[in-house]
Amino acid sequence: MSNKVYDVLSKVQRWLPALGVFYLTLAQIWGLPFGDQVNETIVAVAVLLATTLEISSVAYHKKKEE
């Protein structure tokens with residue numbers, strides 16, 4: 001994974017939980033559909049991305065040490 005891709009995905013991953021909470025709040029206020037489901041899906045994607053980025057980071061540092 002290139003540094004640019006890593007940086008973009010890292011920023012996206014950091015913003016996803018805020019986006020989930022934002023939609024959940026709007027869903028409760030305005031009666032938008034599937035507030036809980038959308039929020040939980042966004043959180044699941046954020047966790048998957050964080051895990052993927054961590055694995056990539058560990059692999060990068062191992063390769064760098066060799």
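N39 is buried, with a relative accessible area of 14%. Buried means under 20% relative accessible area, exposed over 50%, and partly exposed in between (1.4 Å probe, protein chains only). N39 sits in helix 2. Helices (H or I, at least four residues) and strands (E, at least two) are DSSP runs, numbered from the N terminus.

The model is predicted: local features need pLDDT of at least 70, side-chain atom pairs count only at pLDDT 80 or more, and totals for chains, interfaces and linings use all residues. Residues are numbered from 1 along each chain as its sequence is written, and side-chain values use heavy atoms, with hydrogens and water left out.

**Overall form**

The protein chain has 2 helices and 0 strands. Its C-alpha trace spans about 55 × 15 × 10 Å along the principal axes. The radius of gyration is 16 Å, whereas a compact globule of 66 residues would have one near 11 Å. That radius is taken over C-alpha atoms, and the globule rule is 2.2 Å times the number of residues to the power 0.38.

Buried residues make up 21% of the 66 residues. The chain exposes about 5,300 Å², and carbon and sulfur atoms supply 66% of that area. Accessible areas come from the Shrake-Rupley method with a 1.4 Å probe; for residues, only the protein chains shown count as cover.

Charges come next. The protein chain has 6 positive and 6 negative side chains, and the centres of the two sets lie 11 Å apart. Lys and Arg count as positive and Asp and Glu as negative, while His and the chain ends are not counted. Each charge is placed at NZ of Lys, CZ of Arg, CG of Asp or CD of Glu.

**Helix 2 and its cover**

Helix 2 covers residues 35-65, 31 residues in total. From first C-alpha to last it reaches 45 Å, close to the 45 Å expected at 1.5 Å a residue. The expected span is 1.5 Å times one less than the number of residues.

Its buried residues are G35, N39, I42, A46, L49, L53, S56 and S57. Helix 1 (3-30) is included in what covers them. N39 shows one set of partners: beyond its neighbours within four places in sequence, N39 is in contact with G20, V21 and L24. Contact means heavy atoms within 4.5 Å. Along the chain, N39 and E54 are 15 residues apart, and their C-alpha atoms are separated by 22 Å.

Among contacts between residues at least 6 apart in sequence, 52% join residues at least 24 apart.

L26 is partly exposed, with 25% relative accessibility, whereas A27 is buried at 9%. A27 and M1 are 26 residues apart in sequence, and their C-alpha atoms are 36 Å apart.

| Residue | Relative accessibility | Contacts |
|---|---|---|
| L26 | 25% | G31 and L32 |
| A27 | 9% | L32 and G35 |
| N39 | 14% | G20, V21 and L24 |

F34 lies in the loop between helix 1 and helix 2. F34 is exposed, with a relative accessible area of 59%. Its phi is near 55°, a positive value in a residue other than glycine.
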